[in-house]
Structures are given as structure tokens and as C-alpha cells.
Amino acid sequence: MALRTEGTPDTALARLDAGLRESPSSAILHNLRGLVRQDLMDLDGALESFDAALALDPYFIEAHVNRGLLLLLRGEHARGFDEYEWRTRVPGYADYANFPFGMPRWKGEPLAGRSILVHAEQGQGDTMQFARFLEPLARAGAAIDLFCHPPLASLLARVKGVRHAMSELRERPAHDFHASILDVARAQLREPQAPRWPGPYLSPLAERRKKFVDLARLPGLRIGLAWKGSPLHGNDRNRSLPRGMAKRLVRGGGSFLNLQVGESPLAGGMLDIAPRIGDWDDTAAILADVDLLVTVDTAIAHLAGAMGRSVLLLLPFSPDWRWGAHGDTTPWYPSMRLVRQPRPGDWDGAIEAAIARYPG
């Protein structure tokens, strides 16, 4: 696993194979082998390894979770979400996924004339991505309140179908049901249908756009750059760009904008707009005047996609499940183009492919 972390999955796989020759009944080794085979995008082999782990230990929570994420990556949403339900049994995670709200968890019951408290479960990008599924519940007659991350409350309060968006609960809420936003997504993602694009469903505030009126006066194309995700993310080592590599994205004409909060501009002449970003409403206002966002797999990609803005998304060789295993388009966001590493760890190839897609 240390070799895997260092970015040498082939060597890691050889060590695991050697271990399994000595301990073929080790469910732990089969599970780890599945992760490494997925790193190498051997999806059939990864599934075989997770299945072998579960045949040895049917209650191996981590192997169930890994198998669920693999099935989701393969586009098997129904089977994948069913298996991914095992995440709620992970110690320390169960309380987060199943808040003690004192009301039943929604399991697909009719919602006409009933109220539901939907709560964020994972990252802010996930919450923005799955917010699209709230309006259909409202059309079915549900009264929806949303409990989410504090920086998102103002932005998501404007999603169609949301009655209230809040970032803290001052008293125990009274609703007929509660559900995580992944529960809501699971109920509406049943294969063989791909995720339906509802049209842009996140939007900036007019008064916030006035705060960034200077952007409209910048010469040429306005290209925003974000090259790092949260360091707390479990896969951040694979999805974030080293600063030295990110500098290469500043190429050609136009005006480049630094949208990476907490980081200085990558190059001279790059507009440092990051210090002016206070919340997601600020970011939405900026993106409304950006012609192209070039970013790694982090929350700003979801905001731009949900707004219908043009995005180039740089992905590691083995991507997060939502981007699928192949292709340069995604049904989640029609205005987004995916730029995948051609080999594990090959950011050079991905960066050159992204630059080749710059307008003009």
C-alpha cells in the first residue's frame, strides 16, 4: 500500500500477488489487490478481487464499499448504490450518514403532502452535484428543507424545490422523513438511464456580480484556473496538480484568473482574484464572467458545470466513479469536457491534452 501511495501500482500489484501466493485465503489482501487493479483500470480484475474478498468474509465492510464504488464507476448505478449502502456501517461514518434526527430515514415512500429534511453527507461538490435531484421531489409534492455546509447555504437556497436551506439546527427539526442527499440521488439513478441534465440549476446573485464587474473588462478570453482539491480528501494525492505542473496551464493569449483560494498566482500577469472569494456565491459570480474553467476534480468543477459554464476537468487515470471509466463527455454536465491521464500519474499528457482544447 505504501507503493500504491507512491504511485507505483504495478510494483504494488506484484507484492500483493506474492502475498496471496502465501496467504490465498486473506480477504484483506484480495481487497487491497482490488484497489490496485482499479488504479490500473483493470475493472473486471478489480471486481474479481472484491468478490474473492467477500466470498471469504461476507461481512467485510470495506470490501463492500469498494465494490460499490467500482460498480458505480462502471455505470451500474442500481447495483452500485445498493452495495455502497455498506458505507453507513463504517465506524465513525454511520453517525454522519444517519443523523439522529428522531424521524425515519426515507426509503422511497411517496412524498406527496409530506415533509423531508435532506442533509449533505459528503463533500461540498457532491452536494452541488446531487442538488439537481431535489426539484423532482418537490414536483412530487414534497416540502423540502436542506441542511448543508455553511458556505453552501445561500447558494443552494435558490435551487428549485428547496423551501429552506440551513447550515445549523437550533432545535430538533420536525419532518416526516430525513434523507442524505445521496439517498435522494440513489432513488433517481436507476440504470440503464444516464443522469438527466435538468438545465443549469445553480446561478449567481445579481448583486454579487456587481462585486466583480471588473472581470467583464478583461481583454480576450477569460480562463479561470484551480489546481488543488481539499488536502483532507482521501484521494487528494492523485487528483491535485503539483504547482510546478499547474504553471504550464498558463499558456497562450487571453486573461488567466487565479481561483485557487489560499494560493498565489501561478505566473506573472495572472489576475489574483482568489483573495476576493468569500463564499460560493462569490465564486458563482466570478464563473458567470469566465469563458473557461480549467480545474482538477474538486468542488468548483461541480459549481461551474451546474451553472452550464465551459469546463475542462483534469482527471487521474483512475477517476472518481461519477466521471465513468471512459470518454471525454459526461451526462452530468454537458458543458464539461473530461481530460484524463493517459497513464497512471501522467499529468504531463493530461496537461498537454487540456491546452490543446483551449479556445482559439
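**Close-up views of a predicted model**

The structure holds 10 aromatic pairs, where rings of Phe, Tyr and Trp (its six-membered ring) pair if their centres lie within 6.5 Å. The model is predicted: local features need pLDDT of at least 70, side-chain atom pairs count only at pLDDT 80 or more, and totals for chains, interfaces and linings use all residues. Residues are numbered from 1 along each chain as its sequence is written, and side-chain values use heavy atoms, with hydrogens and water left out.

**View A. The aromatic pair of Phe130 and Trp332**. The two rings are edge-to-face, 5.9 Å centre to centre with 65° between the planes; planes under 30 degrees apart count as stacked, over 60 as edge-to-face and the rest as tilted. Phe130 belongs to helix α8 (residues 124-130), whereas Trp332 sits in the loop between β9 (311-315) and β10 (336-340). The pair links distant parts of the chain, 202 residues apart. Helices (H or I, at least four residues) and strands (E, at least two) are DSSP runs, numbered from the N terminus.

**View B. The open sheet of 4 strands**. Its order is β3-β2-β1-β4, with parallel pairing; two strands pair if DSSP finds at least two bridges between them. The edge strands, β3 (162-166) and β4 (177-180), each pair on one side only. Neighbouring strands of this sheet are turned by 20° against each other on average, direction ignored. Axes are lines fitted to C-alpha atoms, for helices over the stretch in contact, and angles run from 0 to 180 degrees between N-to-C directions. Between β1 (residues 115-119) and β4 there are 4 bridges in the parallel sense, and Ile116 has Phe177 in β4 as its bridge partner. Helix α11 (residues 181-188) packs on the sheet and touches β1 and β4, its direction making about 85° with that of β4; contact means heavy atoms within 4.5 Å.

**View C. The open sheet of 6 strands**. The strands follow the order β7-β6-β5-β8-β9-β10, with parallel pairing. At the edges stand β7 (271-272) and β10, each with a single partner strand, so one side of each has no neighbour in the sheet. Strands β5 (residues 222-226) and β6 (residues 255-258) run parallel and are joined by 4 bridges, with Gly224 opposite Leu257 in β6. Helix α16 (residues 299-306) lies across β5, β8 (292-296), β9 and β10 and runs at about 150° to β8. Helix α17 (residues 347-355) touches β9 and β10, at about 170° to the direction of β9.

**View D. Helices α3 and α4**. Helix α3 (residues 27-39) packs with helix α4 (residues 43-56) at about 165°, with the axes 8 Å apart. That makes α3 roughly antiparallel to α4; angles under 35 degrees count as roughly parallel, over 145 as roughly antiparallel, 65 to 115 as roughly perpendicular and the rest as oblique. Residues of α3 in the contact include His30 and Leu35, and those of α4 include Phe50 and Leu56. By class, the contact has 8 nonpolar, 6 polar and 3 charged residues; Ala, Val, Leu, Ile, Met, Phe, Trp, Tyr, Cys and Pro count as nonpolar, Asp, Glu, Lys and Arg as charged, and the others, Gly among them, as polar.

**View E. Helices α5 and α6**. Helix α5 (residues 61-73) and helix α6 (residues 77-84) pack at about 160°, their axes 7 Å apart, and are therefore roughly antiparallel to each other. Among the residues in contact are His64 and Leu72 of α5 and Phe81 and Tyr84 of α6. The contact divides into 6 nonpolar, 4 polar and 3 charged residues.
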